[in-house]
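Here are a few exercises to work through with the viewer open. Try each task before you read its solution.

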Amino acid sequence: MDNPTKAQMWLTSIETIFRYMKCPDDQKVLCAVFFLKNRDTAWWETTERMLGGDVSKITYEQFKENFYAKFFSANVKHAKLQEFLNLEQGDMTVEQYDTEFDMLSRFALDMVRDETAKTEKFVRGLRLDLQGIVRALQPATHVDALCIALDLSLQERADPSKAAGRGSNLGQKRKPELQPALAPQRDLRSGGVFCKPDIFLV
């Protein structure tokens, strides 16, 4: 891993494996170390000794903290933090936006430790037509907000006229969208549902 981009891609791929394999927290460090190669292995051997030498007592959070310290300079971390602060969905799909959000949020841990702040940052970066409806449904977590946005995007793909209608009348619909109501919930149920956070279970 000779550059920050490769290092981030490696860590992201490892954590994807953790999720799909349902890797227990106390096994994550061993699993991550198994996938290290060449000079990265030498880095870990030194780091392991610095952390006490007993890998079974080293947490995955400690592993990540040392990983970022090794492969990301202060300038790179600052640049990534700024990217996160300025991140907006723009032309990305909801899935692409969430992937970027998840990757960059690793450089803003102080901001995303609080679930409310993390959720607000995610919603604030959505396209305005999605943002209004997601806010109206008052998601409690980042996952809730993601599920609502995904459901809306699936409806748009099935019926593009809905997206066009929301975009052309955004100024007129903005106020009603910001007022929690039952109507948006009924509309969401009528389409294909990707996932349902607790907020839908009324």
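**Exercise 1. Two helices at an angle**

At what angle do helix α1 (residues 4-21) and helix α4 (residues 60-71) pack, and how far apart are their axes? Work out the relative direction of the pair, then list who touches whom.

Solution. Keep in mind that this is a predicted model. Start with the geometry: α1 and α4 pack at about 165 degrees, and their axes lie 10 Å apart. An angle over 145 degrees counts as roughly antiparallel, so α1 is roughly antiparallel to α4. As for handedness, the crossing of α1 past α4 is right-handed. Next, the contact itself: α1 brings Pro4, Ala7, Gln8, Trp10, Leu11, Glu15 and Phe18, while α4 answers with Tyr60, Phe63, Lys64, Phe67, Tyr68 and Phe71. Sort these by class and you get 10 nonpolar, 1 polar and 2 charged residues.

**Exercise 2. Two partners for α10**

Find the angles that helix α10 (residues 142-158) makes with α8 and with α9, and classify each pair.

Solution. Take α8 (residues 115-125) to begin with: the angle to α10 is about 25 degrees, with the axes 8 Å apart. Angles under 35 degrees count as roughly parallel, so that is the label for α8 and α10. On the α8 side you'll find Glu115, Lys118, Thr119, Phe122 and Val123, and they meet His142, Ala145 and Leu146 of α10. The contact of α8 with α10 splits into 4 nonpolar, 2 polar and 2 charged residues.

Now α9 (residues 128-136). The axes of α9 and α10 come within 10 Å and cross at roughly 130 degrees, and α9 and α10 are therefore oblique to each other. The crossing of α9 past α10 is right-handed. Here Asp129, Leu130, Ile133 and Val134 of α9 touch Ala145, Ile148, Ala149, Leu152 and Glu156 of α10. The tally for α9 with α10 is 7 nonpolar, no polar and 2 charged residues.

**Exercise 3. Positive phi**

Where in the chain are lysine 22 and glutamine 138, and are they buried or exposed?

Solution. Begin with the background: most residues other than glycine have a negative phi. Lysine 22 isn't a glycine, yet its phi is positive, about 50 degrees. It sits in the loop between α1 and α2 (28-34). Lysine 22 has 71% relative accessibility, so it counts as exposed. Glutamine 138, also not a glycine, has a positive phi of about 50 degrees. Its place is the loop between α9 and α10. With a relative accessible area of 55%, glutamine 138 is exposed.

**Exercise 4. A glutamine in a helix**

Which helix holds glutamine 82, and how far is it from phenylalanine 107?

Solution. Glutamine 82 belongs to helix α5 (residues 74-86). Its relative accessibility is 31%, so it counts as partly exposed. Glutamine 82 and phenylalanine 107 are 25 residues apart in sequence, and their C-alpha atoms are 9.1 Å apart in space.

**Exercise 5. The whole chain**

How many helices and strands does the chain have, and what share of its residues is buried?

Solution. Count the elements: 13 helices and 0 strands. Then check burial: 38% of the 202 residues count as buried. Carbon and sulfur atoms hold 55% of the accessible surface, which comes to about 11900 Å². Finally, take contacts between residues at least 6 apart in sequence: 62% of them join residues at least 24 apart.

Terms used:
Residues are numbered from 1 along each chain as its sequence is written. This is a predicted model: local features need pLDDT of at least 70, side-chain atom pairs count only at pLDDT 80 or more; totals for chains, interfaces and linings use all residues. Side-chain values use heavy atoms; hydrogens and water are left out. Axes are lines fitted to C-alpha atoms, for helices over the stretch in contact, and angles run from 0 to 180 degrees between N-to-C directions. Helices (H or I, at least four residues) and strands (E, at least two) are DSSP runs, numbered from the N terminus. Angles under 35 degrees count as roughly parallel, over 145 as roughly antiparallel, 65 to 115 as roughly perpendicular and the rest as oblique. Contact means heavy atoms within 4.5 Å. Ala, Val, Leu, Ile, Met, Phe, Trp, Tyr, Cys and Pro count as nonpolar, Asp, Glu, Lys and Arg as charged, and the others, Gly among them, as polar. A crossing is left-handed if the near helix is turned anticlockwise from the far one by less than a right angle, and right-handed if clockwise. Buried means under 20% relative accessible area, exposed over 50%, partly exposed in between (1.4 Å probe, protein chains only). Accessible areas come from the Shrake-Rupley method with a 1.4 Å probe; for residues, only the protein chains shown count as cover.
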